[in-house]
Amino acid sequence: MTHLAVAVDAEASPERVFGVLTDWGRHHEWMSLTSARVIAGDGHSAGSALAAFTGVGPIGFTDTMEITDWDPPHTVAVRHTGRQLRGTGAFRVIPRPGGGSTIVWEEDLEPPFGAAGRLGWNLARPVGAAFLRRSLRRLAKLSAV
């Protein structure tokens with residue numbers, strides 16, 4: 001497993017950030033090159049399933065996930081169940097003293113393609129972290145509106 005975690009501060013309250021974060025149909029507004037939708041359940045409870053397409057036009061992949069932890073307005077965690085991505089992910093929204101919040105995005109993933117995938121992931125890790133951080137900055141800005 002490889003671990004990746006990034007954090008960004010937001011002016012908005014945890015309730016506001018969590019509401020925007022878990023409005024799955026709005027993911028394309030803040031998550032780079034990704035759209036998400038609920039495919040089973042209500043999308044707001046453990047056991048619900050999501051599908052997120054990452055790519056440009058028809059070129060990309062779909063990441064299927066099951067929500068494993070739902071604790072508004074602080075945590076939503078998923079288990080990646082697709083062929084390309086396996087592992088777990090979580091968003092945590094932590095209140096900051098004096099107002100606002102810190103948004104943390106963590107992923108523990110098993111890279112595809114065995115040893116070659118692990119080597120490739122180690123080389124791509126800085127790009128992955130920048131991708132996640134950019135998306136969280138967009139989420140923070142969108143939540144402030």
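Q: What makes the strands here a sheet, and in what order do they run?
A: Seven strands make up an open sheet, ordered S1-S7-S6-S5-S4-S3-S2, with antiparallel pairing. Strands (E, at least two residues) and helices (H or I, at least four) are DSSP runs numbered from the N terminus, and two strands pair if DSSP finds at least two bridges between them. This is a predicted model, where local features need pLDDT of at least 70 and side-chain atom pairs count only at pLDDT 80 or more, while totals for chains, interfaces and linings use all residues. Residues are numbered from 1 along each chain as its sequence is written, and side-chain values use heavy atoms, with hydrogens and water left out.

Q: Why do S1 and S2 count as edges?
A: Strand S1 (2-10) and strand S2 (34-40) each have a single partner strand, so one side of each is left without a neighbour in the sheet. On average, neighbouring strands of this sheet are turned by 25° against each other, direction ignored. Axes for such angles are lines fitted to C-alpha atoms (for helices, over the stretch in contact), and the angles run from 0 to 180 degrees between N-to-C directions.

Q: How do you know that S2 and S3 pair?
A: Six bridges join S2 to strand S3 (residues 49-56), in the antiparallel sense, and a pair needs at least two, so they pass. Ala40 sits opposite Ala49 of S3, and Val38 has Leu50 of S3 as its bridge partner.

Q: What about S1 with S7, and S3 with S4: how many bridges hold each pair?
A: S1 and S7 run antiparallel with nine bridges; one of the bridge partners is Glu107 in S7, which faces Leu4. S3 and S4 have eight bridges, also antiparallel, and Ala52 stands opposite Asp63 in S4. S3 and S4 form a hairpin with two residues between them, and Gly57 in the turn has a positive phi of about 60°.

Q: Which strands does H1 touch as it packs on the sheet?
A: Helix H1 (residues 14-21) touches S1, strand S4 (59-71), strand S5 (75-81), strand S6 (86-95) and strand S7 (101-110). Contact means heavy atoms within 4.5 Å. The direction of H1 makes about 150° with that of S6.

Q: Why say that the buried residues of H1 line one face?
A: Pro14, Val17, Phe18, Val20 and Leu21 are the buried residues in H1. Seen down the axis of H1, they fall within an arc of 165°, so they line one face of the helix. That arc is taken over the directions from the helix axis to the C-beta atoms.

Q: Thr34, Thr64 and Leu33: why is each called buried, partly exposed or exposed?
A: Buried means under 20% relative accessible area, exposed over 50%, and partly exposed in between (1.4 Å probe, protein chains only). Thr34 has 5%, so it is buried. Thr64 has 24%, so it is partly exposed. Leu33 has 53%, so it is exposed.

Q: What makes the reach from Thr34 to Ser32 a polar contact?
A: The side chain of Thr34, a residue of strand S2, reaches the backbone oxygen of Ser32 at 3.0 Å. A polar contact is a pair of N or O atoms within 3.5 Å; within protein, one must be able to donate a hydrogen and the other to accept it, and residues adjacent in sequence count only if both atoms are side-chain atoms. Leaving aside neighbours within four places in sequence, Thr34 also contacts residues including His27, Phe53 and Phe131.

Q: And Thr64, which backbone atom does its side chain reach?
A: Thr64, in strand S4, reaches the backbone nitrogen of Gly82 at 3.2 Å. Gly82 is also among its contacts beyond four places in sequence, as are Leu50 and Arg79.

Q: Where is confidence lowest and where is it highest?
A: Confidence is lowest in helix H2 (residues 114-143), at a mean of 84, and highest in H1, at 98. The pLDDT (the predictor's confidence in each residue, from 0 to 100) averages 92 over the protein, and 97% of the residues score at least 70.
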